[in-house]
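Dear colleague,

Please find below the structure I am handing over to you. My notes on what was found in it follow directly after.

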Amino acid sequence: MRNKALLMIINGILLSFTQPSEAQGIWSGYLQTDNRLRLYDDYEFSWQEYRLNLELEVKPSEKVKLYSEVWLRSWGFPVVQSSSDLFNKDKVSPWNLAFREAYLDLYGFISDNLDLRIGKQRIAWGTADKLNPTDNLNPPDIEDIWDFGRHLGSDAIKGSYYMDDFTFTGVYVPMFTPAVLPRGDWSAALSPSMEIQEGLILRNLTDSITMPAYKPEESSIAGIKAANSIFGFDFSLSYVYGRDYLPLAQRITFTPTSVPGEVDIHSELVFPRMHIPGIDMAGSIMDIGVWAEAAVFFPEEIELIIDLSGLGMGIQDSIALADDPYVKYVIGADYTFKNGIYINGQYLHGFVHERGNENMEDYFLCGIEKSFLDDELKITMAGGVEIKDYNEIENNYAYIFSPEIAYRPLDNASIKIGGLFIDGKDNTTFGRVKKSDEMSIKISYNF
Amino acid sequence: MKKLILRNFVVFSILMCVSLCWAQDEQLSAAQILENVDDVINAPQDQDLKIELILIDENGEEKSREMKMLQKGSNKRMVKFLSPAEQKGIAFLSLPDDIMYLYLPAFKKIRRIASHVKNTKFAGTDFTYEDMEAKRYSEKYDPSLLKKNDEHYVLQLNPKEGLKTDYSKLIMWVRTDNFYSTKIEFYNRGGKLYKVMTSNDIEKVDGYWVSMKNEMEDLKADHKTRMILQEVKFDSNLPDKYFTERYLKR
């Protein structure tokens, strides 16, 4: 099936190269290699990705556009565990094909002021830089934590109505899709920790996820937004009836094994429903670019049942997620100095995986960029500090530092060498991955 | 004697009036010349241009970009990059009241451009975002006439109070026959000359004067950007809706 899809893509490219035009379709994209080395203990390779990004844009008329973006990737390392795996090419050389977006645009549909977009699409809401509490229509794609802010496309229908300076947007996503989580240490960092009772030894930890039923009232996500400019600032108000894209434990069952004191634990996870009104703004004050964005999350209450009956300790009830509203927000600013140095700072309250007022943490993030040699060389220094508890900062902080040098020897080609260095206390999000320091080299060519 | 005094008084008064009028005429002339420059460069109702940009570094090495530029009146402009591939689809919208937007296809987002970005280089060229915005010079600068010869008026343009710009002044050479600006010197806030724009191959297309080749030189960086018009269409009745965020990302 995948081979057939690949052949169709190659066929399409060859056809479009013979007579490239907007009506026939224009292909573009990039090829990118990404290799990373973990700078800890054994200096293992931690990431290997060769990505071919293909974009096709077809404009058969002024009022219609088709667009698709596909990733064809050789990704990961051989997963060979036995000689029989050597007969399986997918295990020897893992690869995958993913539709990032594939949609049809109808401009001036029914009314001159209405645009419609149908299909798999990215609906990026919010004015902040990559950290967007109001961006809740597409599931986060956190597969690569270095590429934070990436989202999956959603199969959706979006209508945008333009009236004077107002833009009204309505979105309907029929089917819920969960987030893609990072592998390894990062996955643990974004999952809530669980303590087991003293004297118990964990043998196996398993889980099962209950997906929303394939019914409109269960699986659908919908959103509306109104945007306008007032006093030189862009404002928008939004509302999303959605779900948390990260799962939450609803039931945890402890089962004793044949070894005294040893248990298996099984978690049942769900994606809580929530109402999310939001607001964002962008503009400039005294030449400084400023933006702010906030979303209030009204979750459904999720009761947590801990079944210890197998241990003869009965069943315990508690609240995994209260139905109290909680707020996530970002305030940011940027500025370019006369010498070309660009600086960007953001204060974030509430990271993607945090829920409930008592669990919101603060993050201070900053980036500095400067280009040299007619933009052929760019040096970026990005970093951030996480504060879990201001009352005892010395035991509740973590920091992250990510320098990068990008060199563009010729148009369309770039080589990037970067690093990711983390340190902090074990009880913080970043502190849990402090042994994940990495260096990376990325080479890309756009066509 | 009385008659002589009276006659001298009349002659003196006439001379005073003439010189006052001449002085006022000179003041008006600079403003009028700049108005005429604005009228000439913004004469078409709208402009639809395909432009090749050639970036030339200090070693003479060249890089090429292509862009589409739409302009309506003198205060709405949309620029979209067609090449190179890494910049294709990047679009810039300039609206009245210094409102500017940038669309970056990689982020699927339109970003409002803060005023600090106005004085930075536009996509690696020697033009800044401020240089790229559609404008009438007479609305942003106070002109004074430095000199005039048979071929050119030379104007000094000082930023009007409250104008956010990195330029302390511009010196503009204007052709006397058609009021087309042929050269502009840009001075930084320290009063030092740092950029020069020259307009060449000035010809009439569909009844409007247009420079087919412009060149902006950054004297400090020893870097030039040549802007060559490849396709020119005037008065195609471009609708206002082309100059909106809605169209920026199409």
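A:Arg51 has A:Arg73 in β3(A) as its bridge partner. The strands concerned, β2(A) and β3 (residues 64–75) of chain A, pair in the antiparallel sense over eleven bridges, where two strands pair if DSSP finds at least two bridges between them. A hairpin with two residues between its strands joins β2(A) to β3(A). Strands here are DSSP runs of E of at least two residues, and helices are runs of H or I of at least four residues, both numbered from the N terminus.

Before going further, please note that this is a predicted model, in which local features need pLDDT of at least 70, side-chain atom pairs count only at pLDDT 80 or more, and totals for chains, interfaces and linings use all residues. Residues are numbered from 1 along each chain as its sequence is written, while chains are lettered from A and ligands numbered from 1 in the order in which they are written.

Further antiparallel pairs

Strand β2 (residues 45–61) of chain A also pairs with strand β1 (residues 26–38) of chain A, in the antiparallel sense and over twelve bridges. In this pairing A:Gly29 stands opposite A:Leu54 in β2(A). β1(A) and β2(A) form a hairpin with six residues between them, and A:Asp41 in the turn has a positive phi of about 50°.

Strands β4 (residues 95–107) and β5 (residues 114–121) of chain A run antiparallel and are joined by six bridges; A:Leu106 stands opposite A:Leu116 in β5(A). Their hairpin has six residues between the strands, with A:Gly108 in the turn at a positive phi of about 65°. β5(A) is in turn joined by eight bridges to strand β6 (residues 154–163) of chain A, again antiparallel. Here A:Leu116 stands opposite A:Gly159 in β6(A).

An open sheet

Five strands of chain A form an open sheet in the order β8-β12-β11-β15-β16, with mixed pairing. β8 (201–209) and β16 (315–321) of chain A stand at the edges with a single partner strand each, so one side of each is left without a neighbour in the sheet. Neighbouring strands of this sheet are turned by 20° against each other on average, direction ignored; the axes are lines fitted to C-alpha atoms, for helices over the stretch in contact, and angles run from 0 to 180 degrees between N-to-C directions. Within the sheet, β11 (residues 248–256) and β15 (residues 302–307) of chain A pair in the parallel sense over three bridges. The bridge partner of A:Arg251 in β15(A) is A:Ile305.

Chain A as a whole

The secondary structure of chain A comes to four helices and 23 strands. Its C-alpha trace spans about 75 × 60 × 50 Å along the principal axes.

Of the 447 residues of chain A, 27% count as buried. A residue is buried if 20 or more other C-beta atoms, placed from the backbone, lie within 10 Å of its own, exposed if 12 or fewer do, and partly exposed in between. A:Tyr342, in strand β18 (residues 342–349) of chain A, counts as partly exposed because it has 18 C-beta neighbours inside 10 Å.

Nonpolar cores

A nonpolar core is a set of buried Ala, Val, Leu, Ile, Met, Phe, Trp, Tyr and Cys residues joined through C-beta atoms within 7 Å. The largest has 42 residues, of which A:Leu137, A:Val330 and A:Ile422 touch the most other members. Its largest share, five residues, comes from β14(A). Another core, of 19 residues, lies apart from it and includes B:Met78, B:Phe92, B:Ala114 and B:Val117.

Contact between the chains

Contact means that the C-beta atoms of two residues, placed from the backbone, lie within 7 Å. On this basis 19 residues of chain B are in contact with 21 residues of chain A. The side of chain B that touches chain A divides into five nonpolar, five polar and nine charged residues. For this count Ala, Val, Leu, Ile, Met, Phe, Trp, Tyr, Cys and Pro are nonpolar, Asp, Glu, Lys and Arg are charged, and the others, Gly among them, are polar.

With kind regards
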